[in-house]
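Visitor: I have a structure to look at and some questions about how its parts meet. Could you guide me?

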Amino acid sequence: MPQNYVPIFLFMGVAFAIPAVTLVLFKLVRPENPHKTKLMPYECGITPLDDARGRYTVRFYIVAILFVVFDVETIFLLPWAVRFRWLGKFGLLEMGIFLGILIVGYIWIWKKGALEWV
Amino acid sequence: MTLGTFIIVSVIKIVIALFVLLTGVAYTVWLERKLVGRIQNRWGPTRVGPFGLLQPLADGAKFLFKEDITPPHVYKPLYIAAPMIAMIFAVTSMAVIPIGDWVTVAGVHTPLQITDVNIGLLIILGITSIGVYGIALAGWASNSKYSLLGGLRATAQMISYEVALGLSLVGVLILSGTFSLRGIVDAQAGTWWGWLPKWNFFQGQFVAFFVYLMAAFAETNRVPFDLPEAETELVAGYHTEYSAMKFAMFFMAEYANMFTVACLASLLFLGGWHGPLFGPTWLQEILPVFWFALRVFAFIFLYIWIRGTLPRFRYDQLMKFGWKVLLPLAVANLVITGLVVALRA
């Protein structure tokens, strides 16, 4: 039933209202004493020399790409699992082929060292 | 039920659920401080009220009345949006979690759940995934080195373990054949030989359960996978530059996520609210909720217990564990479950 989805958005609205209202309303009573050193980026007392947004290691990007590959696989597996009994042997064979290709890919990225983090 | 009644009933349920959830979050913080204190041979909070029971209220008041610093070096729109995103979606995932059977209150027959949708599990997976944005954006928008490192680590860790988490659920879905959380729990009713409950855990999903549990610890950034926060090296990770209410939002998001994960583990693997029913009718209506709460409490206790026991992983160990141990285990579990179910049919 489509109206069953309405409470989710209602809930989201209430969940949005609570932090938003507290943030705005308590601005009236919160102290506001900005100070130059208080507003500096926190680096354990040392004055920061440059901007934080420098370059970082490429491994984070590799992990992100692997995530896309395997998460799409998961999304593909979930509806298959729900209809598993209905699909029968045909479904098992189909998914066996799909998983086989993926496992070969998984072994390949393992051998390539994409899963190493050194 | 007319649409008007439906909306009113939903709003009442939302208000109750939010109240229970936020109180639960506040008292989980108290419980954690108390238990970790006892584990480390300290007292934990004792001063505010008996056994420090009013400590959460004192903390809440302090969060509201402290100065909310917005440093000038941050990217302001995302800096403010990030904690909101983290909290809103952490809380919203509760919307589809059932806590008990159907009840009739004042002539209205309704499930003990804010809304019963047939793709409940997918909705929870989707909503909790959005929570990653809150942390990634907080780390980036803060423009501080600790925050950026914490945010990057958190993002890489959460997306890595999300794969194992998603795959560990496939076995459960094969057994129950539905995305509806209520349907999954209903499929676990009954016992074998009169004493062994037909929980998915005992139906052969114990490997999936432990994979899920470990992935869930990583998803919620808890010890031993709390590298995004890692006090000893990153100060506080992605929320280093946050203070007062915005900091509290990240805190509430983390604990609300713990609750979601604990509820999901109880529903998917441990039979949800099934348990022995006895006594008069009113007791039989309340007992399922009690059995469910007991399971969730057991998970929360386990979370805190592990926090008091285990040291933190190293980052390369963490990534290795997620990709080279949990992922193959989850795939093996799904293949074996599929084969067994297909051969039995």
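Guide: Start with a term: a polar contact is a pair of N or O atoms within 3.5 Å; within protein, one must be able to donate a hydrogen and the other to accept it, and residues adjacent in sequence count only if both atoms are side-chain atoms. This is a predicted model, where local features need pLDDT of at least 70, side-chain atom pairs count only at pLDDT 80 or more, and totals for chains, interfaces and linings use all residues. Residues are numbered from 1 along each chain as written, chains are lettered from A in the order written, and side-chain values use heavy atoms, without hydrogens and water.

Visitor: How many residue pairs are in polar contact across the interface of chain A and chain B?

Guide: Both residues of a pair must be at pLDDT 80 or more. By that rule, the number of pairs across the interface is 6.

Visitor: Which residue of chain A meets B:Asp68 in a salt bridge?

Guide: A salt bridge needs a side-chain nitrogen of Lys or Arg within 4 Å of a carboxyl oxygen of Asp or Glu. Chain A and chain B have 2 of them. In one, the N to O distance is 4.0 Å, and the partner of B:Asp68 is A:Arg30.

Visitor: What area is buried between chain A and chain B?

Guide: Buried area is the accessible area (1.4 Å probe) that two parts lose on being put together, summed over both. Carbon and sulfur atoms give 76% of it here. The total is about 6400 Å².

Visitor: How many strands has chain B?

Guide: Helices (H or I, at least four residues) and strands (E, at least two) are DSSP runs, numbered from the N terminus. Chain B has 12 helices, and its strands number 4.
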